[in-house]
Amino acid sequence: MCFKCCLCFVQCLHKVWRFSINKIRLYIFFNIISDPCVSPWTASYGLTDEQKEFQKVAFDFAANEMAPHMAEWDQKEVFPVETMRKAAQLGFGGIYTRPEVGGSGLSRLDTSIIFEALSTGCVSTTAYISIHNMCAWMIDTFGNDEQRESFCPDLCSMEKFASYCLTEPGSGSDAASLLTSAQRKGDHYVLNGSKAFISGGGDTDVYVVMCRTGGKGAKGISCLVVEKGTPGLSFGKKERKVGWNSQPTRAVIFEDCAVPATNRLGEEGQGFNIAMKGLNGGRINIASCSLGAAHASVLLAKDHLLVRKQFGETLANNQFLQFKLAEMATKLVASRLLVREAATALQEDRADAVSLCSMAKLFVTDECFNVCNQALQMHGGYGYLKDYAVQQFVRDIRVHQILEGTNEVMRMIISRNLLTES
Amino acid sequence: MSGRVLVGVKRVIDYAVKIRVKPDNTGVVTDGVKHSMNPFCEIAVEEAVKLKEKKLVKEVVAVSCGPQQSQETIRTALAMGADRGIHVEVSGKDYETLGPLQVSKIMAALAKKEDAQLIILGKQAIDDDCNQTGQMTAALLDWPQGTFASEVTLDGDKIKVVREIDGGLETIKINTPAVLTADLRLNTPRYATLPNIMKAKKKKIANVKAADLGVNLTSRLETVEDLVGKLKEAGKV
């Protein structure tokens, strides 16, 4: 054959090969989620039969309802309301909210297991569901009966969606210096100020807002529930993000926004405390989401190593990659143990709960990001293509090291607790 | 017709697992391998629960024959909406040789004991692909059978069954009591909800021995060898 024909022939073969590899990739992806191999690093060891059932439902839901749409939701920036409502029908809308107001009344450990499993289907959507759960819990725990009955049932069924509003343009890590003011005027509070980076902002219905009713610092902050449609409540533009694209992120703006005083959760000055208590659980949830992404990424990497051949043999025969995979799996198991211990400590209201939650968030979000990143590296050039899921896991969990308290703030909390120990 | 439905659920190796044959070729590796409810049994449970929700049947009883772990499979059925479970404990050598003939004898005995008016099974199990238990059970009870059902409608004391057959779809009308086996398109099994999983904990699972039902578990079959097929060699262009 002449040179030109050879080239055409090779290019043709390459196209056919690329096409079939892509099909195999998608197939592998859709089947890896509920990994059937019971090896030391799967997620089911040490769980009760009931917890295994919860986990199974979450894995199945992730594989069937979320994973097939994960890429589309990311690319088209879709807020998957219908899918989340389906999840709520299974009880995922208020997992650790009390049953009298529509929640599932499960433990923090059950919750962690569920979010970890759901995250294998779509990190971004699961992370939003966890934020929604946190808000429902805050109202259930710190609200009076009227507030609980008014807000929680709709939140647990996801008839309505919630957002957590603490961060402002001028106060991120230094959350207690927030400026949004809430002036008491008769039986209303009038809010002025703005919140930044609010997950779900603009698309959600119920906003749990930390605002200043008193003097400076944490003790002057209260917590108000603001409903969408309240005059004076508006939203900024939808942010364009590296990941977490299945949930909109917007600034939430208050301009002489009058909120009934009956919407205040707890006492004046209790707001910061409520916010931090919410975040303890939120940190476990975010860490759990990172776990799920790492779990899925390790499975993707494993399958790739078994299939891809270079230098005459599969990548799985390469010792460096074997060792790398071993390290990734080890970090995954270690992370999982830490998150579950933190969840148990929080459930039992142990003295070390806050430290453990911070440690879990710090360690797990960092390590799992590295795991996902290494999984991407193992895919070579393919890892960089959006046809392959591993890059979405990397992009989606990158922000877990930043929000719900940066990993730097986690170090602050841990060292402070350590150094003030008697 | 309002009465009791027995649903058989089998614990099998999960459909997504890559099966490996044991080195001595005496069977498939099952230790440490993920198991779950046979997918066709899930469809059977879903159909029974739907009938109960339409108030066409009174009680759904999930039955499984196997070792201790079969109780997990029954719990899944309870979480989907079955009312109670019966675990026929079969373990060890008896379990290795347990096949459709023994299971159908057990189902027939239970149907009489529980005064069941309907038995719904999956059309086949994904591990042995026998596709015999439903048919044998019906024969032992001398009940009509609606196998490969893709649509079931209760009509007074008769059942209209649309069956998937080679030529297309066949519709039959059978009397009750009857045995039905579920095919793929009968329904889409529901997810267990978190509250139902918790409620399932309180539902009862009775333990029964095959001998108490008067069933002899001895198998008339002997597996001689389990072989992995030779991998196809690459062709030449």
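**Exercise 1. A glutamate in chain A**

Task: In this predicted model, find which residues A:E404 touches, leaving out those up to four places away in sequence. Then decide: is A:E404 buried or exposed?

Solution. 
- Step 1: List the contacts. A:E404 touches A:I131, A:M134, A:L279, A:G282, A:R283, A:I286, A:K361 and A:M410.
- Step 2: A:E404 sits in the loop between α11 (390-398) and α12 (407-419) of chain A.
- Step 3: Apply the cut-off. Buried means under 20% relative accessible area. A:E404 has 11%, so it is buried.
- Step 4: Check the record. The UniProt annotation "active site", from an unreviewed entry, covers A:E404.

**Exercise 2. A glutamate in chain B**

Task: In which helix does B:E46 lie? Which residues is B:E46 in contact with, leaving aside neighbours within four places in sequence?

Solution. 
- Step 1: Find the helix. B:E46 belongs to α1 (residues 39-53) of chain B.
- Step 2: Read the accessibility. The value is 5%, so B:E46 counts as buried.
- Step 3: List the contacts. They are B:M80, B:N187, B:T188, B:P189 and B:R190.
- Step 4: Look at one of these partners. B:M80 is in contact with B:E46, and residue 80 of chain B ends helix α2 (residues 70-80).

**Exercise 3. The order of the sheet**

Task: How many strands form the open sheet of chain B, and in what order? Which strands are at the edges?

Solution. 
- Step 1: Trace the sheet. Nine strands line up as β9-β8-β7-β10-β6-β1-β4-β5-β11 (chain B). The pairing is mixed.
- Step 2: Find the edges. β9 (168-175) and β11 of chain B each pair on one side only.
- Step 3: Neighbouring strands are turned by 30° against each other on average, direction ignored.

**Exercise 4. From β4 to β11**

Task: In what sense do β4(B) and β5(B) pair, and over how many bridges? Which strand of chain B also pairs with β5(B) over five bridges?

Solution. 
- Step 1: Take β4 (residues 59-66) and β5 (residues 84-89) of chain B. They pair in the parallel sense over six bridges. For instance, B:V61 has B:R84 as its bridge partner.
- Step 2: Follow the chain. The path from β4(B) runs through helix α2 (residues 70-80) to β5(B). This β-α-β crossover is right-handed.
- Step 3: Move to the other pairing. β5(B) also pairs with β11 (residues 205-209) of chain B, in the parallel sense over five bridges. B:G85 stands opposite B:I205, and B:I86 has B:A206 as its bridge partner.
- Step 4: α2(B) lies across β4, β5 and β11 of chain B. Its direction is at about 165° to β5(B).

**Exercise 5. An enclosed strand**

Task: Why is strand β6(B) largely enclosed by the rest of the structure? Which strands pair with β6(B) over four and over five bridges?

Solution. 
- Step 1: Check burial. In β6 (residues 116-122) of chain B, six of the seven residues are buried, so the strand is largely enclosed.
- Step 2: Take the pairing over four bridges. β1 (residues 4-8) of chain B pairs with β6(B) in the parallel sense. There B:V7 has B:I120 as its bridge partner.
- Step 3: Take the pairing over five bridges. β10 (residues 178-182) of chain B is also parallel to β6(B). B:L121 stands opposite B:T181.

Definitions and conventions. Residues numbered from 1 in each chain as written. Chains lettered and ligands numbered in written order. Predicted model: local features only at pLDDT ≥ 70, side-chain atom pairs only at ≥ 80, totals over all residues. Heavy atoms only, no water. Pairing = 2+ DSSP bridges. Helix = DSSP H or I, 4+ residues; strand = E, 2+ residues; numbered from the N terminus. Right-handed = clockwise from strand over helix to strand, strands pointing away. Buried < 20%, exposed > 50% of the residue type's maximum accessible area, 1.4 Å probe, protein only. Contact = heavy atoms within 4.5 Å. Axes fitted to C-alpha atoms, helices over the stretch in contact; angles between N-to-C directions. UniProt positions renumbered as here; feature names shortened; annotations may be inferred.
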